[in-house]
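Work through the exercises below with the model open. Try each task before reading its solution.

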Amino acid sequence: MARGRPRLTVVLLSGGTGGAKLARGLLDECDDLVVVANTGDDAEVYGVHVSPDPDLVAYWLADEIDERGYGLRGDTWQVMDALAAAGRPAWFRLGDRDLAMCLIRTEELRSGRRLTEAHAAVVAALGVEARVLPMADEPVTTRVRHDGRTMPFQEYMIVEGAAPPVEGLELDGLERARPTADVLAVLAEAELIVIGPSNPVISIGPILAVPGMRAAVAGAPAPVVAVSPFVDGRSVKGPSEHFCAWAGIETSAPGIARAYADVIDAVVADEPVPGLPHLVVDTLMDGTDRMRQLARKILEFGRSLAS
């Protein structure tokens, strides 16, 4: 923290890569960072509980992300190789260290801990001081309809290669889920809430779909700023465009503003948003310096909204 700069507590709603990169930039620029992460992608694989989005955020925050953009740097693959040699399905690839983090979470869950507490054990094991909170403790499972069949999100992404078109989306268990007391507390205490540049349908969508979450975000005293995941009208990575086409969301900053219209106060994007406070800035985060630069500009913009 720069001397003389006011303290700033930031809550970031995040899915995968875009939100995780922004979390890494924010880590160096604010004083207290809390990430509320999508758990709709969670899955039970190889007997362990896998939380792809919360783990991706944690790995970025720990500076342990692999050059592939997911998993842990320098990981080995002996478990996957052994499964494949035994003729077992191994299409969901978990490195050995990645699997160890999942084992930590699974052991905590089996001892009766909440998902929030179990993931906190993973974050602590990585030496990360920022908090990474699951959107809910109850299981919510994203299922995608593609090619006439409804399948778990990970199967769609990995086995089907995230091929278009998306024909439907389900969030199994959503009706039983609620924002945790931890999430409600940080939203009420935050000085700035940022909706990260993650897929608005499958990453941010499940977070905001948790019953009571939209009201908690919209009713928070802090300004709420959405960062567009689109650069030059295209998604940087992943199947955002397929899902937005299905959901009727225009792949633009105005499209993002409309998707979050009931919860946001402003937008950060590489193009203007008529009729709404906005910051036009280069949002491409192709390196740690640019992650920090974007984070710094978002925080400055957030302070101007609060003043």
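This is a predicted model: local features need pLDDT of at least 70, side-chain atom pairs count only at pLDDT 80 or more; totals for chains, interfaces and linings use all residues.

Residues are numbered from 1 along each chain as its sequence is written, and side-chain values use heavy atoms, without hydrogens and water.

**Exercise 1.** Give the strand order of the open sheet and explain its edges.

*Solution.* 
1. Strands are DSSP runs (E, at least two residues), numbered from the N terminus, and helices are runs of H or I with at least four. Two strands pair if DSSP finds at least two bridges between them.
2. Seven strands line up as S5-S2-S1-S9-S10-S13-S14, with parallel pairing.
3. S5 (131–134) and S14 (278–280) each have a single partner strand, so one side of each lacks a neighbour in the sheet.

**Exercise 2.** Describe the lining of the largest pocket.

*Solution.* 
1. The lining has 45 residues; Gly-16, Thr-17, Leu-56, Met-157 and Lys-237 lie nearest the pocket's centre. A pocket is an open set of points on a 1 Å grid over the protein atoms alone, where a 1.4 Å probe fits, with protein on both sides within 12 Å along at least five of seven lines; lining residues have an atom within 4 Å of a point.
2. Helices H1 (17–27), H2 (52–61), H4 (96–110) and H6 (153–159) each supply at least two lining residues. H2 gives the largest share, five residues.
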